[in-house]
Structures are given as structure tokens and as C-alpha cells.
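Below is a short report on the fold and selected local details of one protein chain. Start with the sequence and the structure.

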Amino acid sequence: MAITSNLLLTDLASKAKHVPSNYVRPISDRPNLAALDTSAAHSIPLIDLEDLRGPNHSKVIQQIGQACQLDGFFQVKNHGIAEEVVETMLSIAKEFFQMPEDERLKIYSNDPTKTTRLSTSFNVNTEKVSNWRDFLRLHCHPLQDYVNEWPSNPPSFREDVAKYCTSVRGLVLRLLGAISESLGLKSETIENSLGKHGQHMALNYYPPCPEPELTYGLPGHTDPNLITVLLQDQVPGLQVLRNGKWVPVTPIPNTFIVNIGDQMQVISNDRYKSVLHRAVVNSSMERLSVPTFYCPSLDAIMEPAKDLVNEQNPAVYRSFTYADYYQKFWDRGLNTECCLDLFKTDHHLIN
């Protein structure tokens with residue numbers, strides 16, 4: 001079967017004067033870009049990780065715990081990843097999406113089980129309204145299992161992205177230790193609950209949109225994984241739900257945005273929250289973002305940490321495999337009904 005160019009958004013977006021009907025959201029489900037909470041007091045916390053190994057260790061742990069509990073999102077600086085690695089990642093992502101479409105389409109697939117694939121929207125097989133993005137999805141841990149199926153164009157892609165993946169994994173493991181400590185657990189507790197671990201990433205490309213008020217880059221959703229580390233360029237687009245209002249997150253150079261995923265909410269027995277967030281688009285500038293999704297391995301058993309469960313705090317969730325969770329998340333698609341509700345214990349469903 002010949003692949004036609006309408007499989008991707010990029011070329012369509014460059015010619016469109018109006019948003020095609022299959023991208024237009026119902027009136028009740030549009031971004032309402034005028035009704036945002038833009039007050040500085042409600043921006044997400046910025047945490048300096050420099051003292052994580054210093055005398056102010058406990059203060060940083062406290063800040064991380066507070067951000068996980070109150071916001072579900074925080075930004076980090078002095079994170080230990082070289083600026084050159086970060087800039088190269090953004091540069092190679094941009095270069096990939098600027099390649100001729102026939103070159104990119106060599107790895108196109110709408111099969112979500114493929115570990116390396118280019119696609120568009122979120123799940124073209126199940127959704128009624130498309131999202132204004134193209135994306136390249138890559139699995140990246142263990143690195144040697146996947147790197148040879150990644151794109152070989154641009155020529156330095158595999159080398160540059162591998163270096164970035166490895167650096168981010170190191171940051172994630174430091175963060176998991178800190179989050180464990182913030183819950184009063186041993187620093188290795190969360191890391192040890194993930195089986196063999198999983199890591200994948202997306203290179204998201206959001207072209208300029210002629211009518212950004214009619215559609216989304218990605219609608220409101222929580223992340224099904226454990227923790228997400230987001231790299232973005234300097235074009236705003238990420239918004240986080242806080243106290244019932246959408247808060248735009250202003251990009252800060254050489255920082256990462258970290259958010260708690262559904263599995264962290266499970267492990268913390270609901271002390272830490274996986275929060276709704278979305279990506280909006282604009283009419284004048286393309287936007288690039290690179291989220292790294294750190295996950296349990298598919299066979300890992302997910303449940304609240306045993307030290308956080310007692311008579312006063314019964315388990316909110318039953319035990320389940322991450323594979324079971326991820327399948328249900330994917331089948332449901334992006335929506336505001338949290339998939340976590342399907343895994344609550346009978347007691348918490350009644351209450």
C-alpha cells in the first residue's frame with residue numbers, strides 16, 4: 001500500500017488557511033485561551049538541585065515533596081545535564097522534522113505497539129478529533145535494545161539522542177531517590193519497585209496553526225507512567241491545571257519540567273497527584289517539546305508502597321501490572337477521566 005502525504009500534519013499545516021474539520025473541537029471542549037491564570041504567584045515551583053548533594057539536602061527534599069503534593073509539577077535547574085547535550089537534542093529534533101516528508105515517512109506507523117514510530121495526533125485508530133501535532137516515539141531503555149531501530153537520518157541522530165537519553169535517565173534516578181525520601185521511604189524504594197524499568201520519549205512537533213482557539217496540540221490528560229521529564233524550546237504551549245484554572249508554564253532556558261505520573265500517585269497512595277496538563281498551539285511559531293517518560297517495566301507489579309499503608313491510611317489502589325494499566329490508558333485515549341479510577345480498591349470506589 002502506498003503511503004500518502006496526508007498521514008502527517010506538517011505539510012497540511014503549512015498550506016492551511018483554516019483548521020480542517022477533523023481537527024476542530026466541539027465548542028465545549030476548546031482551549032478558551034482568554035481564561036488563563038497568568039498570575040506569577042500561581043506558576044509552578046522552580047527547584048535548584050545543586051544542593052541535593054550538599055548541606056541543604058533536606059531542604060531540597062522538602063521542596064520536592066511539597067511540589068509533588070501541591071502541584072504535581074515542578075521545574076529544575078542545576079540538574080547536572082550539560083547545556084550542550086540539551087541544545088543538541090533540540091537541534092536534532094528540529095532537523096528531523098525539517099527533513100523531506102518521504103524520508104520521515106519511512107518510519108511512519110499507526111501501530112502503538114511499535115517501539116520506534118512516527119505518527120500524528122495521539123491515536124489515529126480510535127480518536128474522533130485529531131490533535132495538532134506530529135511525533136516521533138522512541139523506546140530507549142535498555143538503550144542497546146532499541147538504538148539500532150531509531151532513524152539513521154539526520155546522520156548524528158542516534159549518537160546525539162543516545163547521549164541525551166542516558167543523561168536524562170541519570171537525572172530521573174536522582175529524582176526518584178529524592179521523591180522516595182520525601183515520602184519518608186528509603187531512597188531506593190521507588191527505583192526498586194519498577195521491575196527492569198522502562199524509558200521512552202517523544203519528539204513532539206507542533207506546527208503553526210491558523211486557528212489555535214479551535215484545537216489542541218494535546219488535550220488535557222495525565223501521564224500513565226511514573227515520572228516525566230520535559231525539555232521544551234522557548235515557545236510557550238504547556239499548561240497545567242491548578243485549582244480549576246489552566247496555568248501557562250513559561251519556558252526557562254536550561255531547565256526541565258518534571259511531572260508526577262499516574263504510577264507515582266499509586267506508589268504514594270494518593271499523597272502525590274498526577275495532574276491534568278495540555279499543550280496549546282499558536283498561529284505564528286512552530287513548537288518543539290521532548291518529553292521523557294520513565295516507567296515501570298510492563299511486568300512490574302504496581303501498588304502503594306507498603307510503608308505508606310496502615311489502618312489510618314488503607315491502600316487506595318489494588319495491585320496490578322503496568323502492562324494492564326498501559327493497555328487501558330491507550331484504549332481510552334486522552335480524556336479527563338483518570339484511568340486510575342479503574343484500579344481503586346472497592347473501599348475507595350464506594351467512598
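## Thr 120 and its contacts

The side chains of Thr 120 and Asp 134 are joined by a polar contact of 2.6 Å. The side chain of Thr 120 also reaches the backbone oxygen of Arg 133, at 2.8 Å. These values come from a predicted model.

Thr 120 lies in strand E3. Is Thr 120 buried or exposed? Its relative accessible area is 7%. The cut-off for buried is under 20%, so Thr 120 counts as buried. Leaving aside residues up to four places away in sequence, Thr 120 touches Leu 7, Leu 9, Arg 133, Asp 134 and Phe 135.

## Strand E3

What about the rest of this strand? Five of the five residues of E3 are buried, so the strand is largely enclosed by the rest of the structure. In a regular strand, side chains alternate between the two faces of the sheet. In E3, Thr 116, Leu 118 and Thr 120 point one way. Arg 117 and Ser 119 point the other way. All of them are buried.

E3 pairs with E4 in the antiparallel sense, over five bridges. Ser 119 has Phe 135 of E4 as its bridge partner.

## The sheet

E3 belongs to an open sheet of eight strands. The order is E1-E2-E10-E7-E12-E5-E4-E3, and the pairing is mixed. Which strands sit at the edges? They are strand E1 (46-48) and strand E3 (116-120), each pairing on one side only. From one strand to the next, the twist averages 25 degrees.

Asp 48 has Lys 77 in E2 as its bridge partner.

## Helices on the sheet

Helix H3 (residues 83-98) packs on the sheet. It touches E3, strand E4 (134-141), strand E5 (198-206), strand E7 (227-232), strand E10 (256-260) and strand E12 (287-295). The direction of H3 makes about 60 degrees with that of E5.

Helix H6 (residues 157-182) lies across E2, E4, E5, E7, E10 and E12. H6 runs at about 135 degrees to E7.

## Nonpolar cores

The largest nonpolar core has 81 residues. Which members touch the most other members? They are Met 89, Trp 150, Ile 179, Met 201, Leu 203 and Ile 227. H6 supplies the largest share of this core, with twelve residues.

Not counting residues up to four places away in sequence, Met 201 touches Met 89, Leu 136, Arg 137, Leu 138, Cys 140 and Val 161, among others. Its contacts also include Tyr 164, Cys 165, Val 290, Pro 291, Thr 292 and Phe 293.

## Backbone exceptions

Most residues other than glycine have a negative phi, and most peptide bonds are trans. Some places here depart from that pattern. A cis peptide bond joins His 141 and Pro 142, with omega about -5 degrees. Pro 142 sits in the loop between E4 and helix H5 (143-146). Asn 153 and Pro 154 are also joined by a cis peptide bond, again with omega about -5 degrees. Pro 154 is in the loop between H5 and H6.

Positive phi values also occur. Phi of His 197 is near 70 degrees. His 197 is in the loop between helix H7 (189-192) and E5, and is buried at 10% relative accessibility. Asn 254 is not a glycine either, yet its phi is positive at about 55 degrees. Asn 254 is in the loop between strand E9 (245-248) and E10. With a relative accessible area of 32%, Asn 254 is partly exposed.

## The annotated domain

An unreviewed UniProt entry carries the annotation "domain: Fe2OG dioxygenase" for residues 196-296. In the model, the chain over residues 196-296 is 6% helix and 45% strand. The end C-alpha atoms of this stretch are 7 Å apart.

Notes:
Residues numbered from 1 in each chain as written. Predicted model: local features only at pLDDT ≥ 70, side-chain atom pairs only at ≥ 80, totals over all residues. Heavy atoms only, no water. Pairing = 2+ DSSP bridges. Helix = DSSP H or I, 4+ residues; strand = E, 2+ residues; numbered from the N terminus. Axes fitted to C-alpha atoms, helices over the stretch in contact; angles between N-to-C directions. Contact = heavy atoms within 4.5 Å. Core = buried A, V, L, I, M, F, W, Y, C linked by side-chain atoms within 4.5 Å. Buried < 20%, exposed > 50% of the residue type's maximum accessible area, 1.4 Å probe, protein only. Polar contact = N/O pair within 3.5 Å; in protein donor to acceptor, adjacent residues only side chain to side chain. UniProt positions renumbered as here; feature names shortened; annotations may be inferred.
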